[in-house]
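Let's take a friendly walk through a protein model.

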Amino acid sequence: MRITCPNCGERDRREFYVKGAALARPDVGAGLDEWHDHLHLRDNPASETKELWYHEMGCGAWIEVCRNTVSHEVVSTRLASGAELGGKR
Amino acid sequence: MRIAGKGLMQGAKPVTFSFNGRHMMGLEGDTLASALLANGVHLVGRSFKYHRPRGILTAGSEEPNALVTIGSGAQQDPNIRATQQEIFEGLEARSQNCWPSVDYDVQAVNDLAAPFFGAGFYYKTFMWPSAFWEKLYEPIIRKAAGLGALSRQADPDACEKAYAFCDLLVIGAGPAGLMAALVAGRAGADVILAEEDAHMGGRLLSEVEEVDGKPAADWIAQMLEELDNMDNVRLMTRTAVTGAYDQGTYGALERVGHHHSRRAGLPRECFWRIVAKRAVLAAGAIERPVAFANNDRPGIMTAGAVRSYLNRWGVAPGQNVTVFANNDQAHRTARDLVDAGVHVAMVIDSRHDAPDSNLYPVMKGAQVCSSSGRKRVESITVRSVAGEEKIQTDCLAMSGGWNPSLHLTCHLNGRPQWNRDIAGFVPAPGTVPGLTCAGACNGEFSTAGALREGAAAAVEALVELEIKQSEVTLPQAENDLYRVTALWAVPGKGRAWLDFQNDVTVKDVKQAATENFRSVEHMKRYTTQGMATDQGKNSNVAALAVLADATGRGIPETGTTTFRPPFAPVSIAAMGAGAAGQGCKPQRFLTSHRASREMRAEQIEVGLWYRASYFPKTGENTWRQSCDREIGLVRNHVGVCDVSTLGKIDIQGPDAAKLLDFVYTNTFSTLKQGKVCYGLMLREDGFVMDDGTTARLGENHYVMTTTTAAAGQVMAHLEFVRQALRPEWDVQITSVTEQWAQFAVAGPNSRDLLNGLLKEQIDDTSWPFMACGEVEVLGVQGRLFRISFSGELAYEIAIPARYGDALFRALIEQAKALGGGAYGMEALNVLRIEKGFLTHAELNGTVTAFDLGMQGMMSKKKDFIGKAMSTRPGLMDDGREQLVGLKPVGPVKQMTAGAHLFNPDDPVERIYDQGYVTSAGFSPTLGHSVALAFLKNGPDRIGDEVRLVDHMRGIDALCEVVDPVFFDPDGGRSRG
Amino acid sequence: MRFSGWRVLKEGLTGNKGWTPHWRDPEPQPEYDVVIIGGGGHGLATGYYLAKEHGFTNIAVLEKGYLGGGNVGRNTTIVRANYYLPGNSEFYSHSLKQWEGLEEELNYNVMMSQRGQIMVYHNDGQRDAMVRRGNSIINQGDDAELLSRDALREMVPILNYDNARFPILGGLLQRRAGTARHDAVAWGFARGADQRGVDLIQNCEVTGIDIENGKVKGVQTSRGVIRAKKVALAAAGRSGQAAAMAGMRLPIESHVLQAFVSEGIKPVLDHVVSFAEGHLYVSQSDKGGLVFGSYLDFYSSYAARGNLPMVEHTMETMQAMIPALGKAKLLRSWGGIMDMTPDGSPIIDHSGIEGLYLNCGWCYGGFKAIPGSGNAYAHLIATDRPHGAATKFRLDRFRDGHGLMDEEATGAQHNLH
């Protein structure tokens, strides 16, 4: 499996750590239900999904990877810094 | 029998090898199989279940029968295919799964009991009485398990792993693969041509035909010469591509050292990870046997294998050969044998429209329905409209047609498609992105067709790669139509084998269908069809045809089982190369490592690090003696300990304080410059991730420490927060764990010690408790932190790592002068338990700030990671297990980590469980054992007695619940 | 037909002509009392126990492929009851007891082999964690023993005791743990359920769950509409997809876990051995193949196949821990789809929709749970109350934080359990 790091180009999967679904952090002041949804519940699609990967053995970038969970095709990648995952403050 | 002048090995050197202790001669270039056949040996092994005699079926890696053990002692290598193993001077091979010998195998008695050993019989019996399974039945079954044997010794042979990258990977070097490589190579693409065999050429090596107007072998040589001269083409023989993975990654096994005696410095095998932008699969095809009664005897081989032995190795596998076929190609076997002067007794063709010959007799519309002979076929029985007829023969060449070698196209879950014209499955296009099939593996069986498809596949790849192609003309070659009429199993009464190794017969498949194992997967699993070492390469299609017939369905509706990696078996040593012994993970050594080894310190693994456990002095016989002494050094004088393994993260930028406020539960933006503060870090789910101290070195400059265990996790977490959650903040973070050596200097004399080394003297006013700053030590800029993990007056001094060794030695020397010395992890652990300080024994991933009594550290004024979820009801519940200290009641008793706690009057059962001990040790300072534990409602039970039970170590003791800070509870020593 | 040695003998003497189907292939009926979605180990066991212990006679198990084609047919066959947290402890203890009588219960030889399972530790911290676990196991009433290095060496001599990067210091042994023949478990429950009148319907994919006014009414399938009073999910690997048909999102990510088998070799390893370093687990089957695995591939996947990095990690750990297996050859690798939950423990609970029940989230460990899970799930479906051994497998524990069973202690990140 190969993942394209926006900084480094295509690299072997073993350079990366994968965290899970790429979801925006709930807004400040969000309640328990929103947090429960964020941390636990998953769409878990059998199709394209967005995940957070970390180029741990490379440049250290956190990356949002759009990937197909059935074919394993990597559709697109971008730096997580552009994915607006921080939630409202 | 070797035929003079026949084969491609003219002038090859003779080689001596041994088989079952018997010395034999072969020729360089022989496989063990061709050499054995040249020596007239057909009986090579025994089948798995019935221990039936087994000969050589094929001439390739798909061989199910002729599996042998090579070598002896620790190097003994089981389950090696005789059809693949090249012989060399001194090679030792022997039969396996037989006792006392392959000729007389006691377990052949199983064959007599075959009626009781049908498909799935073991699911229906061996159930009574129930205790007998482990005691009686299973041990007997287990005795019969397996084929070859391992030596039980550590594998002494080296293997390697390697990476390769290319524009185009061509898998298989038959006519299609050679052509693909040539087209792509000439266009300038980076090409890897991987061939499983020792020689390139594929099926052409085994056939008598011309390509481009010259003998095939000459054409191959010409192709290889051109390819070899291209810098952009890498030719890899003895390299089987074993798996297709995502994004153009392929696994491949190169047999580097199997074909000669061991040579120093040369690995036995190399496992390659090949990343290819495009790939061409040109893996050829595998001929399939026909199922008829007793079709499993030695001497019964595939027709193509007979041609291989004859045309490539110059060996006739019999002197009175018969051929049984359902396709035209197999008639070539008879033709070539006759040309070589070998008698062909009969060609039996199941088709009424089979071609005639004036070289050999042909029976059309006839079938071989049985064979006889014990350890080698002696005769066959042929059934035709004229009735049954026995024909004497010492070798039957059979062909049920060819199955494309499409295995790799299934590795990404692709399903092959049924092709009626060839009565076989062909690959569905596009099942492996970037991979195109060409030639026989694509169902195109003529040489001309293979050349055409190989060239076309390369052109397709070049277009995708945007490489301009050059002119290539296709050479003239054999262009026969492939004519076949399906024939899977000849009707009859006897046992007709499908899976030769696992002894699965047509009857077994039919019985499975009768018992409603009608799904092809059910049939496979119930009968073990296709689960042998060939993974059904020889037998799956016929078996599913039999199943389709038995269930009244067509083959396409019946479906196939799945081919999965690896294409051919790969040794664990090859895929795990480099990991034996110390190689499985990197080793991290401290700058003090050499000095502490000189001090005879015992080393222990902490993650990837090695740390000094204790420093034994002459006369100390146990770790406890050293540990107790070292604790005394710290409590009474001064001790020095390397703490560099703690994670150190440098955090700089205008928003550094914001970042810290966000990742810690407590506030760091208000920390004064030159001060250190303890911080608690949660995961987003509200549980504790880590703790540590963070120092503010400047307005926008902090240095965070993490625990050793969580250093990587915290770094990734901080990067996540910075990059993904708060990308707008101007802050940079860098791990500096390896850049700084850091030593704890702890004990009443620690300040004196430091003043002996620092350029500028310190005192309590200039360096109060929790102060930090830069210092000059040994003429180098270092950092000094007044923090304590022992409860004593203590400092940690950091210095660039290249001076770590010098500083450690200087510190030890100074410490000795002050009555102190080095202390290790054992002493450090007891010192911190005495003070109730935490490590990952307590911060074990399931504790909350509440459990630690640190809820007061969770700021109410700001948002921080984990804040929301830490207030979940379940995380603040009074009934949670919370941190306490334990000390024994009464005379000295041991307390142990991992023990569980109970109320003294309760039964010791799970439902009465009150908690567990996380850390324990003997405190020489206090004269009794001390332990930290998590106890339900712990803080409310100070002074209560609890019962500590450790079944594992046989300990049952009463303890008193105490505050987790055993020693110097008001902290006067560290401040003073 | 009752299976026995006598029956095998009699059939062998009479040409094996008397064998009959192990189960029927019924057409789906228009309505059932209970429809179970998923004909794997858990679904089949649930059908069996509903019929046997709760008197249900009108049940269907719907399977989109073939019976036992999911994770029950693609695992490393380990059975054990060595968990340390309440909730898991009592459940797996219950399940192991069910395993111990399963051949007699089902009249099917599932080859439950109590060969003993050993968890090897490599440092003091791991040892203390295993002691805590061992004590939990004993307190639950199951068996555990802490083995010294010498005792372990005597029991399993081929491990790397002399030259390991992470030294082998000892192990935690559970003698009653072991392996079972995975397919036979599915087939045994299928046959038992079928004999009790449960309709096992293969090649029947559920495409929708009908819910009216918050109450389940039935399912849409590739073989038509089937009405049902109760619908029970047992579709591990596809749980999220199945629940989505009821408009639910589950606390589950689907992940691929690879497993491996070597060519058959003469027995060298009689126990199930797992290692704290590298997460390797390995046993040798009665056919001689080494059966082993380690971690998930860690990325979410429905592909039931994996990639080389985890293959190589697994082989590297084998080389490090058992170098005598270096010349064994990997024969086949495959993948199963795991329901990964945020605490690594499963869910057997009401869905919140009347008549719809959940059995999911088995993470790495669904195989050993099969009889216990079927038993407990049947109890829940039949009585609407949790079985006494499965009271903690609640769906609401994640939201509230009560009773989380995070055995790996890695927190709410699905792929870390």
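How many residues does helix α8 of chain B have, and how far does it reach from its first C-alpha to its last?

## A helix to start with

Helix α8 of chain B runs over residues 447-465, so go and find that stretch; with 19 residues, α8(B) reaches 27 Å from its first C-alpha to its last, close to the 27 Å expected at 1.5 Å a residue.

Which residues of α8(B) are buried? Among them are Thr447(B), Gly449(B), Leu451(B), Gly454(B), Leu462(B) and Leu465(B). Several alanines are buried too, including Ala448(B), Ala455(B) and Ala461(B). What do the buried residues of α8(B) pack against? Their partners in chain B include the helices α4 (175-186) and α5 (216-228). Strands take part as well, among them β8 (159-171), β15 (269-281) and β28 (435-437) of chain B.

## How confident is the model?

Keep in mind that this is a predicted model. It scores ipTM 0.99 and pTM 0.97. Chain C averages a pLDDT of 97, and 100% of its residues score at least 70.

Chain A has 89 residues, and 49% of them count as buried. Its secondary structure comes to 1 helix and 6 strands. In what order do the elements of chain A run? Starting at the N terminus, you pass β-β-β-α-β-β-β.

If you put a box around the C-alpha atoms of chain A along the principal axes, the box would be roughly 40 × 30 × 15 Å. Now take the contacts in chain A with a separation of 6 or more: residues 24 or more positions apart account for 48% of them.

## Where chains B and C meet

Next, look at the place where chain B touches chain C. The contact takes 118 residues from chain B and 111 residues from chain C. The size of an interface is often given as the accessible area lost when the parts come together. Here chain B and chain C bury about 9700 Å² between them, with 54% of it on carbon and sulfur atoms.

How many salt bridges does the rule find across the interface of chain B and chain C? There are 14. One to look for joins Lys327(C) and Asp157(B), whose side chains meet at 2.5 Å, N to O.

## Salt bridges inside chain B

Side chains of opposite charge can pair when their charged atoms come close. Over all chains, the structure holds 102 salt bridges. Let's zoom in on a few in chain B. Arg52(B) and Asp111(B) meet in one at 3.1 Å, N to O. Arg52(B) sits in the loop between β3 (45-46) and β4 (53-54), while Asp111(B) belongs to helix α2 (residues 109-112), so this pair ties together parts of chain B that are 59 residues apart in sequence. Are these two buried or exposed? Arg52(B) is buried, with a relative accessible area of 8%, and Asp111(B) is buried as well, at 17%.

Arg722(B) counts as buried at 16% relative accessibility, and Glu719(B) is buried with a relative accessible area of 8%.

A further pair is Arg880(B) and Asp851(B), at 2.8 Å, N to O. This one links distant parts of the chain, 29 residues apart: Arg880(B) is in the loop between α21 (867-870) and β46 (881-888), and Asp851(B) is in the loop between α20 (825-834) and α21 of chain B. Arg880(B) is buried at 15% relative accessible area; Asp851(B) counts as buried at 3%. Salt bridges can also share partners, and one network formed that way joins Asp77(B), Asp155(B), Asp157(B), Arg262(B), Arg268(B), Lys327(C) and Lys329(C).

## What the record says

An unreviewed UniProt entry gives the annotation "domain: SoxA A3" to residues 493-578 of chain B. That stretch is 43% helix and 8% strand, with its end C-alpha atoms 53 Å apart.

UniProt (unreviewed entry) also lists "domain: GCVT N-terminal" for residues 593-862 of chain B. Over those residues the chain is 27% helix and 29% strand, and the end C-alpha atoms are 43 Å apart.

Technical notes: Residues numbered from 1 in each chain as written. Chains lettered and ligands numbered in written order. Predicted model: local features only at pLDDT ≥ 70, side-chain atom pairs only at ≥ 80, totals over all residues. Heavy atoms only, no water. pLDDT = per-residue confidence, 0-100. Helix = DSSP H or I, 4+ residues; strand = E, 2+ residues; numbered from the N terminus. Expected span 1.5 Å × (residues − 1). Buried < 20%, exposed > 50% of the residue type's maximum accessible area, 1.4 Å probe, protein only. Contact = heavy atoms within 4.5 Å. UniProt positions renumbered as here; feature names shortened; annotations may be inferred. Buried area = accessible area lost by both parts, 1.4 Å probe. Salt bridge = Lys/Arg side-chain N within 4 Å of Asp/Glu carboxyl O.
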